[in-house]
Amino acid sequence: MGEISFGSLDTPSTETRTFYGALKHIAEGLINRYPDKLIVFLTPPHGSSDTVPEHLPNAITGQVYSAYAQAVREVASLYSFPCCDLWNIAGIQPLLPVHKQMYFTGENGIPDGLHPNQAGHERMAARIIGFMNTL
């Protein structure tokens, strides 16, 4: 089931119940709607919590979190979209206690490792701006 629900780069864009198929469907929809515009994809940054650790497979797809980032990279490449690879350049890693505390602590004072706080968003924004300035 894992391969079916996650798909692969060969999955057609009509198979929107798979991650790859849905990404391809979105890409083709954007191209058709905005054929003369620059379309950019972004990978997710690292995210890991006690209940959703990034190194354990998703219960439905059987894929680890990094596989989703890789799928975004592959689909972006297929359609020749620039891809801002936050997985590799965001500069935040919630598995490190110092980063979890600095970049993932919510208003309740508890860092969850999945949802960046203001400082985490600012750090990612700086990387995204730098990336966009290269285009």
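Me: Where is Ile 129 found, and why is Ile 129 called exposed?

Reply: Ile 129 is found in helix 6 (residues 118–132), a helix being a DSSP run (H or I) of at least four residues, numbered from the N terminus. Exposed means over 50% relative accessible area (1.4 Å probe, protein chains only), under 20% is buried, and partly exposed lies in between. Ile 129 has 52% relative accessibility and therefore counts as exposed. This is a predicted model, in which local features need pLDDT of at least 70 and side-chain atom pairs count only at pLDDT 80 or more, while totals for chains, interfaces and linings use all residues. Residues are numbered from 1 along each chain as its sequence is written, and side-chain values use heavy atoms, with hydrogens and water left out.

Me: How far apart are Ile 129 and Cys 84 in sequence and in space?

Reply: The two are 45 residues apart in sequence and 9.8 Å apart in space, C-alpha to C-alpha.

Me: What makes the phi of Ser 80 worth a remark?

Reply: Phi of Ser 80 is near 60 degrees, a positive value in a residue other than glycine. Most residues other than glycine have a negative phi. Ser 80 is found in the loop between helix 3 (65–78) and strand 2 (83–84), a strand being a DSSP run (E) of at least two residues.

Me: Why is Ser 80 called exposed?

Reply: The relative accessible area of Ser 80 is 62%, so Ser 80 is exposed.

Me: Why does Leu 38 count as exposed?

Reply: Leu 38 is found in the loop between helix 2 (19–33) and strand 1 (41–42). Its relative accessibility is 57%, and Leu 38 therefore counts as exposed.
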